Amino acid sequence: MFHAETGVFKTSYAADAALFRLPIARRTMIALAVLFVVVVPLGLDEYYLSILNLILVAVVGAVGLNILVGYTGQISIGHGAFMSVGAYTAANLITRAGMPFWVAIPAGGLMAAFIGTLVGIPSLRIKGLYLAISTLAAQLIIEWTINHVPWISGGIQASIQVGRPHLFGMAVRTPAEMYLFLLFFVVLALVGSLNLMRSRIGRAFIAIRDQDIAAEIIGIDIFRYKLWSFAISSFYAGVAGVLYTYYLGIANYEQFQLDVSINFLAMIIIGGMGSQLGPVLGAAFVTLLPVVTRRVLEVSGGLFFSAADLANIIPNLRLVMFGGLIIFFLVVEPEGLDRLWRKIRGYFRAWPFSY
Amino acid sequence: MPEFDLTFTLILLANGLLIGLMYALIALGFVLVYKATDAINFAQGEFVMFGGFIAAAAATGGFWLGVVVGLAGMIAFCFGLERVVLRPMLGRPIVSVIMATIGIASLLRGVAVLAFGAGTRAITMPVSDDPLFLGPVMLPPIQLIGAAVSLVFLAVFTWFFLKTRMGMAMRAVADNQTVAMAMGIDVRRYFALAWALTGIVSALGGVIWGAMLGVDTQLALVGLKVFPVVILGGLDSIIGAVVAGPIVGIVESLAAGYLDPLVGGGTKDFAPYVLMIVALMVRPYGLFGRWQVERI
């Protein structure tokens, strides 16, 4: 939050432990809440809302991956597959047993957490590169299994249609309703992640990331907490998968392939690993990148290229920009957008009396 | 299960062996970089694809021109890449290095299509297309040449590492950078050299695989086969790549021949990874890899 401070004037423990230390912080929070809950769904048209919904789904997944990669220092190239586990669990529960969303979403998350923990077991013996490759293997094997077991996916290359979620007997239909539905889970995910990192478990994660041997010496059961990290992180991924399924209306394995896992890794790298704001910014950035590229080129690219060329250029330019940005952030600003934001905030903290 | 048929099995084995040796060539590029610099290259498949594109573009002026330009282009490219991207990444967490190479992979896929077009290009080797027959087993000449080139290069690299001054210096760098530096070895120069060697291997891989499959972005998918090979063989072992390549090739070929009819396709990409998981569980440092005992 933007706020200028002139000193510490707290006189009671209650003030010291307050959630909002300054009145302006509370006001900013209320203003943000009004903006996101009231102004955005009423003010934006359906096209922008549906893009915003995509971002919200991505935020849930990215926050989850950040717990594993950013805070615990493990790596997973299999998060796309964990999302698909959640998505197919929920899709089957919804279509076969007619479960409502408040059963389907946690069930999808728990199933993904279970599979994620299984995949995390090798992290007892291996780390770094080996873990990266074994999660890559998990991605490919889960993808293949879902596609080739008709009981799960309804046949090869098939997709499962999923009905709209119902709330108080009312279906969530319009993009604005879907937006509020997703926003609820995003807030839940963010608060969950924030509080997790304030807890004993979160501190243990950070200790393992920074120095695993030292962490073990001070009494942290490394294996247990690594598995916890995998479980929590894949729970988030599973929930994101279910939400994405609700958003699309179908569950299809093609939505959860290797490039999705890489996208999520890119989100937390670009946003900034090991920060709470980073994944949110990164998710927005990576989701918007192709949309904006396409928009700009469709509007202005016609001046330079023919329509047929454009259809070829747009997806490839997206790849180039995507790869280029990952490299740029890794080389130039390893702490990502989050650090840029902190720099801006730091500048205005004492503004206009910076000296 | 289809009826066991000796001829069919022999054909599968021979194909798997040849393809596996060609995998080994690409895996070699990965091993060279990992051995010398501890960097993990997730863009190996894209390197091969890019080498193939350069070679195919230059091959309009003759096959050998294509090979030479492809080699020169990839060496220059890898030198530049080491300088601009990998050098600033030294000493960063492993996640960052992996992500950087994933970024390079994405970049190369886009650039290749933007620069060379989306169509499939052909590389024609100056050999006849008539298959050789070894008893009942049919061997396509392109695969034979690929396997032969792989074996030659594997031998050359083994000799290079064991006998030449540069090779010994590279092994020293791989073993312990600080000590190597104290012995007067310019470590950064050998990092660049390792990447250049990867460039050579990738360009050759691009020419051979491009001649077999045609050059387009799909060519990068051979890179996914590198991981089972290097994990099974041991990440830092050239011999490991030579042995594990054919094993992976044969496993995938047998899986494609015997399992595909049962489960409806796709086992070719799936079986090597199952093999890899088993290898990780049983022998995490591979058949010939260096054992590093550390607490985790």
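In chain A, residues A:Leu277, A:Gly278, A:Leu281, A:Gly282 and A:Phe285 of helix H13(A) meet A:Gly336, A:Leu337, A:Asp338 and A:Trp341 of helix H15(A); two residues are in contact if their C-beta atoms, placed from the backbone, lie within 7 Å. By class, this contact of H13(A) with H15(A) comprises five nonpolar, three polar and one charged residue; Ala, Val, Leu, Ile, Met, Phe, Trp, Tyr, Cys and Pro count as nonpolar, Asp, Glu, Lys and Arg as charged, and the others, Gly among them, as polar. The model is predicted: local features need pLDDT of at least 70 and side-chain atom pairs count only at pLDDT 80 or more, whereas totals for chains, interfaces and linings use all residues. Residues are numbered from 1 along each chain as its sequence is written, and chains are lettered from A and ligands numbered from 1 in the order in which they are written.

**Helix pair H13(A) and H15(A)**

- The axes of H13(A) (residues 277-300) and H15(A) (residues 336-349) come within 7 Å and cross at roughly 110°; axes are lines fitted to C-alpha atoms, for helices over the stretch in contact, and angles run from 0 to 180 degrees between N-to-C directions.
- Helices here (H or I, at least four residues) are DSSP runs, numbered from the N terminus.
- H13(A) and H15(A) are therefore roughly perpendicular to each other; this label applies to angles of 65 to 115 degrees, with those under 35 roughly parallel, those over 145 roughly antiparallel and the rest oblique.
- H13(A) passes H15(A) in a right-handed crossing, meaning that the near helix is turned clockwise from the far one by less than a right angle, and anticlockwise if left-handed.

**Burial along H9(A)**

- In H9(A) (residues 200-210), A:Gly202, A:Ala204, A:Phe205 and A:Ile208 are buried; a residue is buried if 20 or more other C-beta atoms lie within 10 Å of its own, exposed if 12 or fewer, and partly exposed in between.
- The face turned away from the buried side of H9(A) carries the exposed residues A:Arg200 and A:Asp210.
- Helices H3 (46-71), H8 (175-198), H10 (212-217) and H11 (222-248) of chain A are the packing partners of the buried residues of H9(A).

**Interface between chains A and B**

- Contacts link 37 residues of chain B with 38 residues of chain A.
- On the side of chain B that touches chain A, H4 (94-116), H9 (226-233) and H11 (267-282) of chain B each supply at least two residues.
- H4(B) gives the largest share of that side, 17 residues.
- The side of chain B that touches chain A has 28 nonpolar, six polar and three charged residues.

**Helix pair H9(B) and H11(B)**

- H9(B) and H11(B) pack with their axes 9 Å apart, at an angle of about 25°, which makes H9(B) roughly parallel to H11(B).
- The crossing of H9(B) past H11(B) is left-handed.
- B:Phe227, B:Pro228, B:Ile231 and B:Leu232 of H9(B) make the contact with B:Pro272, B:Tyr273, B:Leu275, B:Met276, B:Ala279 and B:Leu280 of H11(B).
- The contact of H9(B) with H11(B) has 10 nonpolar, no polar and no charged residues.

**Two buried residues of chain B**

- B:Glu252 belongs to helix H10 (residues 238-263) of chain B and counts as buried, with 26 C-beta neighbours inside 10 Å.
- Leaving aside neighbours within four places in sequence, B:Glu252 is in contact with B:Gly16, B:Lys268, B:Ala271 and B:Pro272.
- B:Leu28, in helix H1 (residues 6-37) of chain B, counts as buried with 29 C-beta neighbours inside 10 Å.
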